[in-house]
Amino acid sequence: MVKFLGSSRTPAAFLHGDIRNTVGNVPMEWYQDYPHIGYDLEGKKIFKPIRNKDELDEFLDKMENPDYWRTVHDKMTSTDIRLTDEQISLVHRLQSGQFGDVNFNEYEPYIDFFSGETMIHPVTNRPQDKRSFIPSLIEKEKVSKMVHAIKMGWIKPRKPKESDLQFYDLWAKEDPNAILGRHKMHVPAPKMKLPGHEESYNPPPEYLLTEEERLAWEQQDPEDRKLSFLPQKFSCLRSVPAYSRFIHERFERCLDLYLCPRQRKMRVNVDPEDLIPKLPKPRDLQPFPTIQSLIYRGHSSLVRCISLSPSGQWLASGSDDCTVRLWEVSTGRCMKTVEVGGAVRSIVWNPNPAICLVAVCFNETVVLLNPYLADKLVYNATDQLIASYVEPEEERPQPVQWQVPEIEDSDKGFRLIITHPKSVKQVTWHSKGDYLASVLSDNSNMQVLIHQVSKRRSQNPFRKNKGLVQCVSFHPIRPYFFVASQRCVRVYNLIKQELMKKLMANCKWISSMAIHPGGDNVICGSYDSRLSWFDLDLSTKPYKVLRHHKKALRGVAFHKNYPLFASGSDDGSVIVCHGMVYNDLLQNPLIVPVKVLKGHTLTHNLGVLDVAFHPTQPWVFSSGADATIRLFT
Amino acid sequence: MSQLQVRFFTENAKYKVDDVPFSIPAASQVQDLSNIINKLLEAKHSKICHSNVEFDFLVRGNFLRTSLVNHMEAEGISTEEVVEIEYVQRFMAPQPEECIMHDDWISSVDTESEWILTGSYDKTARIWTQEGKAVMTVAGHTDVVKDVAWVKRDGVTSLLLTSSMDQTAILWEWNVERNKLKARHCCRGHAGSVDSIAVSPNQTKFCSGSWDKMLKIWSAVPTDKEDELEEQRDRPRKKQKTEQMGLTRTPIMTLSGHIEAVSSVLWSDNEEVCSASWDHTIRLWDVETGNMKSTLTGSKVFNCISYSPLCRRLASGSTDRHVRLWDPRSKDGSLVLLSLTSHTGWVTAVRWSPSNEQQLISGSLDCVVKLWDTRSCKAPLYDMAAHEDKVLCVDWREDGLLLSGGADNKLYTYRYSASTSAA
């Protein structure tokens with residue numbers, strides 16, 4: 001406004017003499033430090049007024065001057081100018097957005113000189129120049145020059161731009177056979193489920209939800225719902241409303257596509273079967289007993305113990321009916337029955353084939369019985385051997401009493417009677433057949449006695465009682481002696497008279513023990529239905545514990561020649577295992593259970609009481625509480 | 001119903017029919033085919049000459065037991081071509097004849113043309129007539145009689161052999177007319193129970209197999225000379241005399257090689273002995289030189305063997321429930337020609353038919369005696385389930401008498417003949 005005023009001639013300026021400033025449109029601050037503020041038309045300085053109006057003057061002016069509202073200060077000349085009425089009305093008009101000129105008619109009629117209408121006559125009727133339709137000679141000349149230059153090779157076609165390789169094959173170096181290859185990892189987007197009958201506008205009635213189903217559906221969490229919508233029935237397609245869940249569903253689909261894991265997880269796919277150590281199949285481990293072949297019937301009470309003759313022709317069995325029976329193995333014929341004075345706890349055939357003796361223990365006695373079942377020479381030699389005993393000159397105190405039986409006992413086949421102070425629960429022979437060990441049920445230190453038959457001498461090898469002895473056994477080759485107490489097996493060296501090893505069986509109560517014919521492995525059966533295999537070279541802990549039986553084990557046995565061992569249990573079954581022992585010290589024994597043999601019926605909760613192998617054939621005998629002995633071949 | 005083109009043929013000229021193909025229903029059973037043949041024969045001969053005969057049919061050497069089409073399917077025979085069917089007269093089922101009671105288990109049985117000899121667990125052997133009448137009790141062994149054998153018959157005297165668990169075999173002379181029995185020789189030398197004896201075809205020698213793993217060849221000719229026995233020097237001579245039955249005889253030859261008990265011996269001809277053992281082998285021995293000729297190795301304990309000179313096959317019964325047929329001439333030694341499987345227990349006895357080269361019987365611990373035909377190896381021809389306990393011995397006499405004895409103390413005899421007309 002000020003500029004406008006300053007740069008324009010106003011009638012007021014003419015009134016007070018022309019004091020127009022000529023500095024032009026420059027900031028007046030430039031003249032702040034000068035006494036003048038510019039130059040008038042004659043080039044004379046226009047001086048600033050001596051005294052500027054201060055705030056107070058301004059206020060007084062505002063209060064007193066009625067024309068104050070129409071007074072403007074002109075910075076160019078530092079004068080106050082009172083605006084005229086025309087000027088005021090111009091200001092008002094401009095402020096209200098009207099044209100400044102009062103007389104300007106903004107709605108004057110429009111004169112259309114050049115209209116959009118195509119006119120039939122040209123605006124000018126001048127004919128076209130000739131040159132506009134004649135080929136230009138200059139252009140022709142220029143073109144022919146360029147053609148000539150191209151022909152002469154002066155102008156060469158523009159070289160194609162040597163473009164850098166802007167892109168390259170990202171996967172060129174990829175191995176097509178790689179497991180993580182791109183195409184192998186391709187996971188197609190999951191497909192949407194195709195609509196079913198329940199999506200129909202008119203679904204079959206069985207797809208419509210009943211009232212309860214609908215309530216249940218509504219109460220379910222949206223994630224748990226089987227259907228994401230309620231099937232609805234419409235009479236015609238026309239009445240189907242817009243699908244209200246459309247956006248929602250599309251969104252979910254997008255989420256599915258976007259969040260779907262498009263990466264194949266390389267899970268280590270290990271078949272649990274592969275983690276099991278490879279055991280040979282039982283049919284590759286033939287021969288072993290598979291089927292029950294013979295039943296030896298005759299006993300009237302449970303058969304506690306059985307033993308095979310070294311030749312394998314005869315079987316001796318002892319029973320709670322106070323008899324010892326001798327059987328022909330091949331036919332099941334009971335050849336002899338010998339009455340003894342008590343329930344037979346243990347019976348062992350002398351392992352020496354040159355001696356025909358069976359050790360039978362019942363009550364407090366151990367009887368050496370000649371069954372007369374062998375070569376005539378052998379059993380006569382046995383009788384002579386026992387008869388050839390000469391009394392030693394000086395009587396030694398013996399823990400037991402050796403007796404030659406009376407005549408009626410002698411007729412039964414009894415050859416020697418060893419009377420113990422307490423009842424005897426087990427006897428066992430040394431492999432040479434001269435020494436005999438017996439176990440007494442006693443809590444004192446006299447639990448194990450070793451007898452020498454040829455000298456009729458007995459001794460108690462242990463001074464201290466180290467737990468209740470369950471069974472004892474001689475080592476088949478070396479002078480070792482195995483004593484099984486309730487929880488452990490102690491191995492003694494009989495020559496050095498010292499404890500060699502103590503095998504911890506990890507079970508509550510050992511019931512039976514068998515020594516491998518090689519002598520380096522021991523199996524123990526226990527009443528808590530475990531069978532522990534010890535490798536004496538490996539450790540004093542069991543090399544393997546087999547828990548195949550359901551009830552307490554009563555008897556275990558090794559085969560003499562075949563890699564077999566068997567265990568009999570109160571559950572009425574005999575389990576035959578392949579137990580291969582290698583000469584190579586680096587290779588651990590191979591133990592494979594091969595067969596469960598069933599046949600015995602449970603009587604008084606007792607099943608199999610003893611097992612024994614045939615000395616030459618892969619046959620196993622088991623005696624049971626049902627008063628039978630069974631042969632499995 | 002589908003039809004099959006068949007052509008019938010037979011060896012028996014009496015029952016020959018015209019050699020033309022017939023079209024018969026595929027589901028025909030043996031009975032239907034038998035009716036067809038009978039109709040044809042009736043048409044060929046007059047109705048009076050021909051009486052109804054039961055036939056059995058073989059398709060490619062195997063007995064037909066199911067319907068024809070099933071059998072051909074099982075054998076893999078094409079049903080497109082003309083099927084050649086052989087027919088033979090049906091073997092009649094063995095007819096039970098006698099049941100001879102014993103006092104104890106019967107361990108062995110042997111027959112000759114008239115008499116039956118059985119060995120028993122009561123330490124005796126017995127001679128019976130065919131009708132079941134006890135003629136003679138052969139007592140003398142001190143232990144179970146394990147095997148018996150007839151040696152020969154010379155007019156009114158017969159020679160017989162018994163072997164026992166008391167480690168001896170005794171050669172007896174039995175005078176039939178006076179019914180007198182005399183122990184001629186006591187064959188001593190074995191160190192175990194003598195489980196098996198066999199007399200050579202020319203009846204001059206016999207062989208014994210024992211639990212002591214040895215085979216011994218003895219002379220079967222009775223003499224009055226006693227062989228020297230060195231081993232019993234320390235015993236008083238007099239006592240020995242009183243104990244012994246007959247004169248002591250020592251073996252001509254001992255064949256050793258088995259590593260387990262010998263369970264069964266037989267002579268395949270005059271110079272060759274065959275023995276089966278618990279060591280899973282059958283061995284053939286040359287008696288002249290005493291050498292082992294060949295070994296047939298099985299996988300299980302052998303209980304018994306039998307040899308048929310007609311088909312030159314060995315049949316063995318073993319503890320794995322199979323009857324196996326062997327060719328003893330085969331050089332590679334362990335070729336099983338055929339396994340006959342139907343028993344459910346140990347096979348304790350086998351015996352070839354002396355007259356028919358395809359038939360044998362077997363006895364087993366499962367109490368059943370089975371009659372087999374090698375042309376029908378899947379199932380036996382007949383089961384004889386009379387026994388109530390283990391069958392321990394069987395025998396087959398030339399005239400078609402089958403015998404079986406076992407642990408139920410009974411000896412059953414059956415009459416069996418190949419055809420109705422022959423009976």
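Tutor: Buried means under 20% relative accessible area, exposed means over 50%, and partly exposed lies in between. The model shown here is predicted.

Student: Why is Cys186(B) called buried?

Tutor: The relative accessibility of Cys186(B) is 3%. The cut-off for buried is under 20%, so Cys186(B) counts as buried.

Student: What makes Cys99(B) partly exposed?

Tutor: Cys99(B) has a relative accessible area of 35%.

Student: What makes the pair Asp85(A) and Arg70(A) a salt bridge?

Tutor: Their side chains meet at 2.2 Å, N to O, and the criterion is a nitrogen of Lys or Arg within 4 Å of a carboxyl oxygen of Asp or Glu. Asp85(A) is in helix α4, whereas Arg70(A) is in the loop between α3 and β3, 15 residues apart. Arg70(A) counts as buried, at 9% relative accessibility.

Student: Why is Arg126(A) called exposed?

Tutor: Arg126(A) has 65% relative accessibility, and exposed means over 50%; Arg126(A) therefore counts as exposed. Its side chain forms a salt bridge with that of Asp129(A), at 3.7 Å, N to O. Asp129(A) is partly exposed, with a relative accessible area of 30%.

Student: What makes Glu112(B) and Arg153(B) a salt bridge, and which parts of chain B does the pair tie together?

Tutor: The closest N and O atoms are 3.3 Å apart, and the limit is within 4 Å. Glu112(B) lies in the loop between β7 and β8, and Arg153(B) in strand β11, so the pair ties together parts that are 41 residues apart in sequence. Glu112(B) is buried at 12% relative accessibility, while Arg153(B) is partly exposed at 33%.

Student: How do you know that His322(B) is buried, and what does its side chain meet?

Tutor: His322(B), in strand β26 of chain B, has 18% relative accessibility; the cut-off is under 20%, so His322(B) counts as buried. A polar contact of 2.7 Å joins its side chain to that of Thr341(B).

How values were computed. Residues numbered from 1 in each chain as written. Chains lettered and ligands numbered in written order. Predicted model: local features only at pLDDT ≥ 70, side-chain atom pairs only at ≥ 80, totals over all residues. Heavy atoms only, no water. Helix = DSSP H or I, 4+ residues; strand = E, 2+ residues; numbered from the N terminus. Buried < 20%, exposed > 50% of the residue type's maximum accessible area, 1.4 Å probe, protein only. Polar contact = N/O pair within 3.5 Å; in protein donor to acceptor, adjacent residues only side chain to side chain.
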